[in-house]
Amino acid sequence: MPTVVGFDNTVKQRYTCSCCGAINEIIKNEIRTLYSGKDYGGGTDVQKGFNCANCGEKVITEWW
């Protein structure tokens, strides 16, 4: 059975919340789809990110 002996901090990324200025440290599997829909031209509109640990506002990491 495998045993956890520590964590590799190089996989963590930092993002700053534009609302409260908190620095959030996350790993990739914490990023989720925040919004998915259509733009006014009929194309796809997607926002991925997470909610700030301090204020709860959306922190967007990628969009298209």
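Two strands pair if DSSP finds at least two bridges between them; helices (H or I, at least four residues) and strands (E, at least two) are DSSP runs, numbered from the N terminus. The model is predicted, so local features need pLDDT of at least 70, side-chain atom pairs count only at pLDDT 80 or more, and totals for chains, interfaces and linings use all residues. Residues are numbered from 1 along each chain as its sequence is written, and side-chain values use heavy atoms, with hydrogens and water left out.

**The sheet**

- Three strands form an open sheet in the order β3-β4-β5, and their pairing is antiparallel.
- The edges of this sheet are β3 (32–38) and β5 (58–63); each has a single partner strand, so one side of each lacks a neighbour in the sheet.
- From one strand to the next, the twist averages 35° (axes are lines fitted to C-alpha atoms, for helices over the stretch in contact, and angles run from 0 to 180 degrees between N-to-C directions).
- Strand β4 (residues 44–51) pairs with β5 in the antiparallel sense over 5 bridges, and Lys-48 stands opposite Glu-62 in β5.

**Lys-58 in strand β5**

- Lys-58 belongs to strand β5 and is partly exposed, with a relative accessible area of 44% (buried means under 20% relative accessible area, exposed over 50%, partly exposed in between, with a 1.4 Å probe and protein chains only).
- Not counting residues up to four places away in sequence, Lys-58 touches Leu-34, Gln-47, Phe-50 and Asn-51, where contact means heavy atoms within 4.5 Å.
- Lys-58 and Lys-12 are 46 residues apart along the chain, and their C-alpha atoms are separated by 18 Å.

**The nonpolar core**

- The largest nonpolar core has 6 residues: Cys-17, Ala-22, Ile-26, Phe-50, Cys-52 and Val-59.
- Such a core is a set of buried Ala, Val, Leu, Ile, Met, Phe, Trp, Tyr and Cys residues joined through side-chain atoms within 4.5 Å.
- In soluble globular proteins, nonpolar side chains tend to be buried together.
- Leaving aside neighbours within four places in sequence, Ala-22 is in contact with Tyr-15, Thr-16, Cys-17, Cys-52 and Asn-54.

- Ile-23 lies in strand β2 and is exposed, at 60% relative accessible area.
- Ile-23 and Cys-52 are 29 residues apart in sequence, with their C-alpha atoms 8.6 Å apart in space.
- Asn-24 also lies in strand β2 (residues 23–26), yet Asn-24 counts as buried at 7% relative accessibility.
- A polar atom of the Asn-24 side chain lies 3.0 Å from the backbone nitrogen of Ala-53.
- Beyond neighbours within four places in sequence, the contacts of Asn-24 include Phe-50, Cys-52, Ala-53 and Val-59.

**Salt bridges**

- The whole structure contains 2 salt bridges, each being a side-chain nitrogen of Lys or Arg within 4 Å of a carboxyl oxygen of Asp or Glu.
- Glu-25 forms a salt bridge with Lys-12, with the closest N and O atoms 3.8 Å apart.
- Glu-25 lies in strand β2 and Lys-12 in the segment before β1 (13–16), so this pair ties together parts 13 residues apart in sequence.
- The side chains of Arg-14 and Glu-25 also meet in a salt bridge, at 3.2 Å from N to O.
- Salt bridges that share partners join Lys-12, Arg-14 and Glu-25 into one network.
- Arg-14 is exposed, with a relative accessible area of 61%, whereas Glu-25 is partly exposed at 43%.

Methods
A polar contact is a pair of N or O atoms within 3.5 Å; within protein, one must be able to donate a hydrogen and the other to accept it, and residues adjacent in sequence count only if both atoms are side-chain atoms.
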